[in-house]
Amino acid sequence: MTKQFETKTVHIRHPHIQEDVSKATPIYQTSVFAFPGLEEVEQYYAGERGYLYTRNGNPNQTELADAVATLEEAEKGVSAASGMGAIMAGLLAVLGPGDHILVSHEIYGGTYGLLHNELSRFGIEMTSINLNEEKTLDAFVTPKTKMLFFETITNPLLSVVDMPHWITQAKAHGLVTMIDNTFATPYLVRPITYGAELVVHSGTKYIGGHSDVTSGVLVGRQDLVARAKQIVETYGASLSPFEAWLTARGLKTLALRMEKQCDNAKEVAEFLRSHPKVKAVYYPTEQETAFFHHHKQGAMISFCLADEEKIYEFYRALSWIKLAPSLAGVETSVSHPVTTSHRAFTEEQRQATGITKGLVRLSVGIETARDIIADLEQGLGAKS
Ligand SMILES: Cc1ncc(COP(=O)(O)O)c(C=O)c1O
């Protein structure tokens, strides 16, 4: 059938790639999938074809979710538009009105805000617990408690709780354990293998690894992830195909990046510990991380300046290390929790937690450790 110009302009033919197999995953940058006929639409609804509408599913989303599920040794995964989207879906897959969740007292501010400001409006209650001080959950579990949530390595003070112990505790009380493994990644620890039901990642961080994408992934028990996927679709928190593609592309170098970043961090932590202008260094100990793979302790370090008033000069004096309030990229970067993630803290909370004006959070990258140390030395030597 001959077509007119307008029709030809719109109906640009795209090549079918069945015979010419692309080595790299194509980006399915489409909002919807086309069907040869109504029979194939029926096949989709019967679960015999994969995709209909990108908010409900897209090959790039599946690629990323399956890859993270494989690395975390989980049954199933779902991707989301951000780490927060994935956390929301995981929480709502388990919690409903009248339910209660136990959370570590040190969690990402966004997760705290989601529970405290939003899910509380639906009658979901939360109790914060210091998992480094308490021994059991006995005093905190009520008949309404459904879940335990904590981070493998906390932000910004980088403490590591005894994960195997707390998962066992949660199981004894019939709770679902959901763990935010963003800072540790499956390279260092796989909470599912200890019995956690759900593991969540801000794909924006080490999973993507290049500070060029915002994404999230939730993996875990098949039934819970299936429910979480419905929530992602219905609440409109689906990941865009390009963001999924970028995250999956970044993920391929996770092991190499983590190995180098963790090794660099160890050297940098030693340097900071011996520096007279640094009064405290927060970096997981070998003892705390005994259950991590590869004998590594993560690639994040926080430290406090001896003279907190020098904080502005410190950031200004850095030559190439960027001040950027995120983490986990291949480039080393620094952030300032007090003026960003923990801005809402009162002076009292700052003193109580140690998240004070002089605290610097350092995300160690893949550069040469000596260069990272030299730039930090320049920052610490800054004259006012
Ligand atoms: C530990 C942790 N979890 C979750 C999030 C939220 O991820 P996103 O910013 O991708 O929504 C962050 C963001 O910084 C984080 O640090």
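This is a predicted model: local features need pLDDT of at least 70, side-chain atom pairs count only at pLDDT 80 or more; totals for chains, interfaces and linings use all residues.

1. Setting aside residues up to four places away in sequence, Arg 350 touches Val 338, His 342, Arg 343, Phe 345, Ile 355 and Thr 356, where contact means heavy atoms within 4.5 Å. Arg 350 belongs to helix 12, residues 347-353; helices (H or I, at least four residues) and strands (E, at least two) are DSSP runs, numbered from the N terminus. With a relative accessible area of 18%, Arg 350 is buried, the classes being buried under 20% relative accessible area, exposed over 50% and partly exposed in between, for a 1.4 Å probe and protein chains only.

2. Residues are numbered from 1 along each chain as its sequence is written, and side-chain values use heavy atoms, with hydrogens and water left out.

3. The protein is divided into domain 1 (58-251) and domain 2 (254-380), with bounds that come from an automatic or database domain assignment. The centres of the two domains, taken over C-alpha atoms, are separated by 24 Å, and their contact takes 28 residues from domain 1 and 34 residues from domain 2.

4. Which residues touch the most other members of the largest nonpolar core? Of its 69 residues, they are Leu 272, Ile 301, Phe 303, Phe 314, Leu 362 and Leu 376; a nonpolar core is here a set of buried Ala, Val, Leu, Ile, Met, Phe, Trp, Tyr and Cys residues joined through side-chain atoms within 4.5 Å. Helix 10 (residues 254-273) gives the most to this core, with eight residues. Because domain 1 and domain 2 both give residues to this core, it lies between them. Apart from it lies another core, of 31 residues, among them Val 78, Ala 93, Leu 115 and Phe 149.

5. Helix 10 has 20 residues and reaches 28 Å from its first C-alpha to its last, close to the expected 28 Å, the expected span being 1.5 Å times one less than the number of residues. Leaving aside neighbours within four places in sequence, Leu 272 is in contact with Val 278, Val 281, Ile 301, Phe 303, Leu 362, Leu 376 and Leu 380.

6. Helix 8 (residues 222-235) has 14 residues and reaches 20 Å from its first C-alpha to its last, again close to the 20 Å expected. In this helix Leu 224, Val 225, Ala 228, Ile 231, Val 232 and Glu 233 are buried, and the buried residues of helix 8 pack against strand 1 (76-80), helix 4 (83-94), strand 5 (176-180), strand 6 (198-202) and strand 7 (216-220). Just after helix 8, Gly 236 takes a positive phi of about 75 degrees.

7. The ligand is surrounded by 13 residues, of which the closest are Gly 83, Asp 180, Ser 202, Thr 204 and Lys 205; a residue counts if one of its heavy atoms lies within 4 Å. A nitrogen atom of the ligand is 2.6 Å from an N or O atom in the side chain of Asp 180. For oxygen atoms of the ligand, the corresponding distance is 2.8 Å to the side chain of Ser 202 and 2.7 Å to that of Lys 205.

8. Several backbone details deserve a reader's attention. The peptide bond from Asn 155 to Pro 156 is cis, with omega near 5 degrees, and Pro 156 lies in the loop between strand 4 (145-151) and helix 6 (163-172). Thr 185, in helix 7 (residues 185-188), has phi near 70 degrees, a positive value in a residue other than glycine, and counts as buried at 0% relative accessibility. Ala 328, in the loop between strand 10 (322-323) and strand 11 (333-335), has a positive phi near 80 degrees and is likewise buried, at 0% relative accessibility.

9. Leu 148 lies in strand 4 and is buried, with a relative accessible area of 0%. Beyond its neighbours within four places in sequence, Leu 148 is in contact with residues including Leu 102, Leu 137, Trp 166 and Val 176.

Note on methods:
A polar contact is a pair of N or O atoms within 3.5 Å; within protein, one must be able to donate a hydrogen and the other to accept it, and residues adjacent in sequence count only if both atoms are side-chain atoms.
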